[in-house]
Amino acid sequence: MKLEKEKADRREKKKKKSKHSSKDRDKGSELNGKHKSSSKMKRSESPSGVRSSAVKYEAGDSDTHEDVKVDPDERNDGRQKSGSPEINNNREKADDGHQCDSLKMKKKRVKDEKQEKNQSSSRKRKKTSSEHDKTEKKKIKKDGEQEEKKKERGKKDEESEKWKWWEEGKSSDTQKWSSLEHKGPYFPPEYEPLPDNICFKYDGQPVKLSPVTEEIATFYAKMLDHEYTSKDVFQNNFFSDWREEMTKEERKQIKTLSKCDFTQIHKYFVEKSEERKNMTKEEKQVLKEEASRLMEEYGFCLLDGHREKIGNFKLEPPGLFRGRGEHPKMGKLKKRIQPEDVTINCSQDSKIPTPPAGHRWKRVQHDNTVTWLASWLENIHGRPKYIMLNPSSKLKGEKDWQKYETARQLKMKVDSIRKQYRRDWTSREMKIRQRGVAIYFIDKLALRAGNEKDDESADTVGCCSLRVEHITLHRRLDAQEHVVEFDFLGKDSIRYYNKVPVEKQVFKNLKLFIKHKDPEDDLFDRITTVKLNKTLNECMPGLTAKVFRTFNASTTLQDQLNKLTTEGMTVEEKILSYNRANRAVAILCNHQRAAPKTFERSMQLLQEKIQKKKEQIEDAKKELKEAKKAHKDAPSDKSKKLLEKKEKAVQRLSDQLKKLQLQETDREENKVIALGTSKLNYLDPRISVAWCKKHQVPIEKIYNKTQRDKFAWAIDMTDENFQF
């Protein structure tokens, strides 16, 4: 009984162990999904008559074979007799093998699952990243579109809010405004002393200068590499004014400019300049924001309840006067303007601008018959300077409009005025003869009247201040008769040189005017600018030499545009025609300039573009020729489309080449001609606006943003049928 009980216990333990091993295998198979286990029992008779079964296990890529002896009594129910130690040992080995394989498979499964999870996660991240990028791009695009729409709305709102003062009728000639309020001028920052390691040297020895003296020294040091500092007049004027600002001790020590060494100061400011050029985007943004803040605070005023832009709200900082040409006062010190020098003009009921701390205004007045906001005397010439409204303002616009209307009225009177000055040529009175010839020059040559000047002004002249040395008479020159050769310095020291055939009676009078005179004597010694303008005003109210100049300039532009613009022109050809018409005016008014320093380089780059475009056209023509041949040999829809594509490419490149060549011609012709002066000051803007509307040329091609603001009144009121 005891023996049978022990046998039964052993069988039960083995049975449980076998079931446990089988469960592990089944679990491993289910988890892996790849593991397949199969058992094939190959029965064979052993020598002792006992059947044996071979069990084959397949797990992944590795096979494990174990031979297990099975008890015949336990074949059917899966139980074996455990009487033999060999059988038990083999069974334990098989179970251990199964557990080892199961552990390996588990590790491999975990590893595979981890890799698969990582790959899946990576794919998800890529997908998410891609979707995120797309979302971001869409968002940026959407934000950009919204920003554009916002800008367009802002422009529309600005245009709708813009004060159309020209629709309200003309203001009174005497009263310029009813209410005027502003913040006053913006004063430049105080001087910041140089660092201790930067010093001025005199006769090779470092000298510590007082703040005022040091500041003036920096003005000169900044200009060391400029042509001005090599001129004797500039040096003498600077040193004289500089010594006046020195302390007694400094005047005793510093006696000669040639012993002064500004090298370290000059180098310091060159480095500072380079630092400004190399500023980061963020640093530049800070400066930009500060400039915007100043503009918002000081750059606008309230004129009759409307917000108007101020022209020059920043006072000029101290420095050295340069002047134009060989000005006798070049190099003199332009002193710092203090609030005590400034007169404020505003309406009586407005808030008076607050002066800088510790200062007060020279005077506050409420004069609505003038258009300036603040005024002071500059120390170089002792003349008043003003802060005025921007050219786009009502006060400036009304003045321009009136100027061009007066010039248009001259069109109705000019014939009678011309008849009058022709009669004056033969007058018995020398004064009347001179006046007749002077008005003839102003009319024919668009000369300025010319003002009387003192000895401390640049030697520039106009019609009434011409001297005998400024003209040369030629009875015959270059196959023309009665030629007058002019050679003098006009406004801004611009040379006026012209050879002009004149009428015979004018030529005779000029010979009479220069008779018994020295070269430095006045040509028109019996008349003055004041008397000349008085005579013109008697001919027509408001007529001056400047109105004559405006009339001739606008008339020339109108005639040239009518002559040079034809149907079928491209926009680029029309713009070239406009610039040529404008150039004719600039030549008439002697609006010259020095060729820009970058001219040669810019022309070289443009010519390189032209050459490259020609090469592209040659290549495109070759491709077109091949496409024609291919289409001729084997015509098809595909070859036809290719042929059309190549033809369009050649046409497009040819148009681009033509545009570049027009630019080259335009630049070369305008090399030494200043088109902007006449466009802004002497040409009625309604001529240009009407021409643009009539010939479908965008107004932006003729006027930039600032100019469009200045001439908003003309753009709004003019139709295509306007003629000057």
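Is glutamine 696 buried or exposed? Select glutamine 696 in your viewer to find out: glutamine 696 is exposed, because its relative accessible area is 60%, and exposed means over 50%. Keep in mind as you click around that this is a predicted model.

**Stop 1: around glutamine 696**

Stay where you are and look at the backbone. Glutamine 696 sits in the loop between H17 and helix H18 (705–710). Its phi is positive, at about 55 degrees, although glutamine 696 is not a glycine.

**Stop 2: the whole chain**

Now zoom out and colour by secondary structure. The chain holds 19 helices and 18 strands. Of its 724 residues, 36% are buried.

**Stop 3**

Next, select tyrosine 682. You will find tyrosine 682 in the loop between helix H16 (675–681) and helix H17 (685–694). The UniProt annotation "active site", from an unreviewed entry, covers Tyr682. Is tyrosine 682 buried or exposed? Its relative accessibility is 7%, and buried means under 20%, so tyrosine 682 counts as buried.

Setting aside residues up to four places away in sequence, tyrosine 682 touches Tyr404, Arg448, Lys546, Arg549, Thr550, Ala553, Ser554, His591 and Thr677.

**Stop 4**

Move to strand S16 (471–477) and strand S17 (480–489). These two strands run antiparallel and are joined by 6 bridges.

The hairpin has 2 residues between its strands, and aspartate 478 takes a positive phi near 55 degrees. Alanine 479 lies in the loop between S16 and S17, and its phi is positive too, near 65 degrees, in a residue other than glycine. Alanine 479 counts as exposed because its relative accessibility is 66%, and the cut-off for exposed is over 50%.

**Stop 3**

Which residues are in contact with leucine 510, leaving aside its neighbours within four places in sequence? They are Val437, Phe441, Ile471, Leu473, Val484 and Leu523.

**Stop 6**

Select residues 270–297, where UniProt places the feature "coiled-coil region" in an unreviewed entry. The span is 89% helix and 0% strand, and its end C-alpha atoms lie 32 Å apart.

Phenylalanine 300 stands opposite lysine 309 in S9. Between the strands of this hairpin there are 2 residues, and aspartate 304 takes a positive phi near 50 degrees.

**Stop 4: an open sheet**

Now display S12, S13, S14 and S15. These 4 strands form an open sheet in the order S13-S12-S14-S15, with mixed pairing. Which strands stand at the edges? Strand S13 (363–365) and strand S15 (384–387) do; each has a single partner strand, so one side of each is left without a neighbour in the sheet. From one strand to the next, the twist averages 20 degrees.

Look inside the sheet as well: strand S12 (residues 343–345) and strand S14 (residues 374–377) run antiparallel and are joined by 2 bridges. Isoleucine 344 stands opposite alanine 374 in S14.

**Last stop: two cysteines**

Finish by selecting cysteine 301 and cysteine 346. Cysteine 301 counts as buried because its relative accessibility is 3%, where buried means under 20%. Cysteine 346 is buried as well, with a relative accessible area of 0%. A disulfide is a covalent bond between the sulfur atoms of two cysteines. How many disulfides does a search of the whole structure find? The search finds 0.

Definitions and conventions: Residues are numbered from 1 along each chain as its sequence is written. This is a predicted model: local features need pLDDT of at least 70, side-chain atom pairs count only at pLDDT 80 or more; totals for chains, interfaces and linings use all residues. Side-chain values use heavy atoms; hydrogens and water are left out. Contact means heavy atoms within 4.5 Å. A disulfide is a pair of cysteine sulfur atoms within 2.5 Å. Buried means under 20% relative accessible area, exposed over 50%, partly exposed in between (1.4 Å probe, protein chains only). Two strands pair if DSSP finds at least two bridges between them. Axes are lines fitted to C-alpha atoms, for helices over the stretch in contact, and angles run from 0 to 180 degrees between N-to-C directions. UniProt positions are given in the numbering used here, feature names are shortened, and annotations may be inferred rather than shown by experiment.
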